[in-house]
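Hi everyone, thanks for coming. I'd like to walk you through a few spots in a structure, so let me put it up on the screen.

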Amino acid sequence: MNCNFLKLTPKDIKTIHGFIALFDILGYSQWIKKRHIEEVVINHKNMKHMVTTNVENFLNHALQKEIIKVQSYADTFLIYTNETSETGFKTIMAACRGVFEAAICFALPIRGAVTCGEFYASEDTITGKPLIEAFEMEKEQDWIGCWIADTCFKKISPKEKRRYKEDKMVVRYSIPFKEGTVEDVYAYNWVAHAIHNPRDIDLNYLMEKSFLQKGTSHTWHEERKIKNTTEFYNFIKNTTV
């Protein structure tokens with residue numbers, strides 16, 4: 001076998017410091033199994049188009065610079081900024097809103113995490129500790145929602161952090177984990193910021209349609225996610241809306 005290695009040195013690898021948001025569609029493999037491949041492809045392309053248009057294209061145009069990038073792999077949407085400034089944080093929060101708006105539009109249950117740090121990113125490769133951290137954080141959660149790492153708030157000023165909390169874009173919440181434990185951390189408030197009028201939305205219908213459109217025939221794991229998500233929705237609706 002001819003091992004044809006690329007002639008690369010550490011100096012050739014240009015890393016960036018930025019924010020990473022990773023989102024997965026819950027129950028995607030089961031969703032695929034119950035549908036024709038044409039429907040799967042159409043839904044995925046539409047979801048990707050909406051996220052790319054509303055997040056990458058819109059935000060880069062609005063900010064007049066290339067600051068954010070969207071990549072998708074099967075059921076995973078990966079979004080990152082190329083800076084850890086306050087603008088970078090504002091942009092990644094806007095990206096979270098865009099992803100949740102698209103997911104609600106297509107009634108797809110999603111779960112995500114936001115981290116920050118040094119990583120490498122190109123058109124075909126992204127790797128680094130923040131990506132692993134985002135992946136691990138996303139997998140731990142047992143709901144529809146998004147966990148924001150505390151380290152992200154160290155990249156912005158105390159004044160900006162207060163503003164995000166006062167605007168209820170981020171809330172302190174006991175996120176439910178799969179092991180049955182909870183942890184009081186920061187969560188993105190998709191209820192108040194990705195739904196135009198939370199009081200008008202039928203959450204039961206959204207949950208029903210999101211989880212595989214199986215009527216009342218949910219698995220125990222799905223029922224637990226629905227319960228945890230409903231509790232967060234009601235918490236936000238009763239305290240901040």
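Let's begin with Gln 64, which counts as exposed because its relative accessibility is 63%, above the 50% cut-off. Bear in mind as we go that this is a predicted model. Where does Gln 64 sit? You'll find Gln 64 in the loop that runs between helix H2 (37-63) and strand E2 (68-73). Its backbone deserves a look too: phi of Gln 64 is near 60°, a positive value, and this residue is not a glycine. For context, most residues other than glycine have a negative phi.

Lys 168 is another residue to look at here. Lys 168 is not a glycine either, yet it has a positive phi of about 60°. Its place is the loop between helix H5 (158-166) and strand E7 (170-176). Is Lys 168 buried, exposed or partly exposed? With a relative accessible area of 34%, Lys 168 is partly exposed, because that value falls between the 20% and 50% cut-offs.

Now please turn to Thr 76, in strand E3 (residues 76-81). Thr 76 counts as buried because its relative accessibility is 16%, and the cut-off is under 20%. Which side chains make polar contacts with that of Thr 76? One is the side chain of Asp 24, at 2.5 Å, and another is the side chain of Asp 75, at 3.4 Å. If we leave aside neighbours within four places in sequence, Thr 76 is in contact with Leu 22, Phe 23, Asp 24 and Gln 71.

Gln 71 takes us to Asp 124. Those two residues are 53 apart in sequence, and their C-alpha atoms are 9.2 Å apart in space. Asp 124 lies in the loop between strand E4 (110-121) and strand E5 (126-127), and at 65% relative accessibility it counts as exposed.

Last stop: helix H8, residues 220-239. At 1.5 Å a residue, its 20 residues should span 28 Å, and the end C-alpha atoms are 29 Å apart, which agrees. Which residues of H8 are buried? They are Glu 222, Lys 225, Ile 226, Asn 228, Thr 229, Phe 232, Tyr 233 and Ile 236. These cover an arc of only 170° around the axis, so they are on the same side of H8. As a reminder, an α-helix has 3.6 residues a turn, so residues three or four places apart point the same way. Over on the other side of H8, Trp 220 and Asn 238 are exposed.

That's my tour, and I'm happy to go back to any of these spots.

Note on methods:
Residues are numbered from 1 along each chain as its sequence is written. This is a predicted model: local features need pLDDT of at least 70, side-chain atom pairs count only at pLDDT 80 or more; totals for chains, interfaces and linings use all residues. Side-chain values use heavy atoms; hydrogens and water are left out. Helices (H or I, at least four residues) and strands (E, at least two) are DSSP runs, numbered from the N terminus. Buried means under 20% relative accessible area, exposed over 50%, partly exposed in between (1.4 Å probe, protein chains only). A polar contact is a pair of N or O atoms within 3.5 Å; within protein, one must be able to donate a hydrogen and the other to accept it, and residues adjacent in sequence count only if both atoms are side-chain atoms. Contact means heavy atoms within 4.5 Å. The expected span of a helix is 1.5 Å times one less than its number of residues. The arc is that of the directions from the helix axis to the C-beta atoms.
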